[in-house]
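Hi,

Here is the structure I promised to pass on to you. Have a look at it first, and then read on for what turned up.

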Amino acid sequence: MHNHRTTITQHIIEEQRRIQNATGDFTSLLNDIVTACKVISNLVNHGALIGVLGSAATENIQGETQKKLDVISNDVFIKSNEWAGHLAAMASEEMDDVYLIPPQYPRGKYLLLFDPLDGSSNIDVNVSVGTIFSILRCPDGVENPTKEDFLQSGTKQICAGYALYGPSSMIVLTTGRGVNGFTLDQNIGEFVLTHPNLTIAEDSIEFAINASNMRFWEPPIKRYIDECLAGKEGARGKDFNMRWIASMVAEVHRILTRGGVFMYPVDSKIKQQGGKLRLLYEANPMSFIIEQAGGVSTTGHERILDIQPNALHQRVPVILGSKNEVERIARYHQETSA
Ligand code: AHG
Ligand code: MN
Ligand code: MN
């Protein structure tokens, strides 16, 4: 018996039909992004067999040693997305400056931001990694976009998504009408809709934070985690569970699947740089997805999607996930400020 499944392409085309005067540009752009994710998935899957593990001899603008796969994945994204004429420019964690579409290709009306490989520290130990992307509209009349044209608040995103390279490869996507998850069927080479309309439970008893930073935490975070750790006997009256994968993509995917909170707050060690995670290609796309699934995403003091960016590689504190837990943490921040 043949079981018909919606492919990601079919899903995107059906979305496009809802939009009047849609040209198909966006659909085609998404298809190229999907292709890039398939290529990266294949490289990650083959790992040591094709010699892609380990470090490159370079550092990115954030002063982090690049992994070979960081550099390769960045290149795959550029090559897959520069030729078709839908983009004016791209920006990535692994590139200091904006990448303008080269003159031999037509330029289009969108801007693409991405973290080509999220969770790089996990590559060599064969733990899940991912790709995060965000699509913005290029401001009207701009033919040679500069950094400033990318500095749009998260509410302006047209689409956000991530690919997760785990036991199975998945793409999770929002265009502002809910969140859908697709699983790569290796036999037919297509992502098929397996997780329609993902929603996040409002309550949860699972948190994710890098507890090695505990001595640097600010009081509201310390209070929240202390209360979780106190369990049944403490203020919360129930036991909590903890996870830390060190791949934001994998943490967000877990939260979309079974609820929870993920925190990479600002602490005294990273105060200078404003946080750990990057606003434009990590925090914003993930916040768009989380909100579209009914969750909440905040710095502790403000909604992430409302932040007016001031730099391409700006970092922000991130607290996201199940509504009631994230709102509680935001309340603890207000109470400390007051
Ligand atoms: P990237 O690999 O793209 O630099 O991002 C890694 C991020 C995020 O995915 C993860 O949650 C966090 O950094 C892990 O940080 P620690 O190593 O401090 O735990
Ligand atoms: Mn990352
Ligand atoms: Mn990365």
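By a donor I mean an N, O or S atom within 2.8 Å of the metal, and water is not among the atoms, so sites may look incomplete. Please also keep in mind that this is a predicted model.

The donor residues of the manganese ion (ligand 3) follow the spacing E-x21-D-x1-L in sequence. They are Glu93 (OE), Asp115 (OD) and Leu117 (O), and they lie 2.2 to 2.5 Å from the ion. Glutamate 93 sits in the loop between S3 and S4, while aspartate 115 belongs to strand S5; the two are 22 residues apart and link distant parts of the chain.

The manganese ion (ligand 2) has Asp115 (OD), Asp118 (OD) and Glu282 (OE) as its protein donors, at 1.9 to 2.2 Å. Along the chain, the donors of this manganese ion (ligand 2) are spaced D-x2-D-x163-E. Which residue do the two ions share? Aspartate 115 bridges the manganese ion (ligand 2) and the manganese ion (ligand 3), and the ions are 3.7 Å apart.

Now for the domains. The protein chain is split into domain 1 (2–195) and domain 2 (206–337). Their contact draws 48 residues from domain 1 and 31 residues from domain 2. Taken over C-alpha atoms, the centres of domain 1 and domain 2 are 24 Å apart.

How much area is buried between domain 1 and domain 2? The figure is about 2,800 Å², with carbon and sulfur atoms giving 64% of it. On the domain 1 side, Ile132, Leu151 and Tyr162 lose the most area to domain 2, and together they make up 21% of what that side buries.

There is a polar part to this interface as well: 18 residue pairs are in polar contact across it, both residues being at pLDDT 80 or more. The elements giving two or more residues to the side of domain 1 that touches domain 2 include strand S3 (87–92), strand S5 (110–118), strand S6 (129–137) and helix H4 (147–150). By class, that side of domain 1 holds 21 nonpolar, 19 polar and eight charged residues.

Last, the charged pairs. Side chains of opposite charge can pair when their charged atoms come close. Two salt bridges are counted between domain 1 and domain 2. Glutamate 64 also forms a salt bridge with arginine 278, with 3.4 Å between the closest N and O atoms. Over the whole structure, the search finds 21 salt bridges. One of them joins the side chains of aspartate 25 and lysine 109, at 3.8 Å from N to O. This pair links distant parts of the chain, 84 residues apart: aspartate 25 is in helix H2 (residues 25–46), and lysine 109 is in the loop between strand S4 (99–100) and S5.

Enjoy exploring it!

Best wishes

Conventions
Residues numbered from 1 in each chain as written. Chains lettered and ligands numbered in written order. Predicted model: local features only at pLDDT ≥ 70, side-chain atom pairs only at ≥ 80, totals over all residues. Heavy atoms only, no water. Domains from an automatic or database assignment. Contact = heavy atoms within 4.5 Å. Buried area = accessible area lost by both parts, 1.4 Å probe. Salt bridge = Lys/Arg side-chain N within 4 Å of Asp/Glu carboxyl O. Polar contact = N/O pair within 3.5 Å; in protein donor to acceptor, adjacent residues only side chain to side chain. Helix = DSSP H or I, 4+ residues; strand = E, 2+ residues; numbered from the N terminus. Nonpolar A, V, L, I, M, F, W, Y, C, P; charged D, E, K, R; others polar. Donors = N, O, S within 2.8 Å, 3.2 Å for Na, K, Ca; no water.
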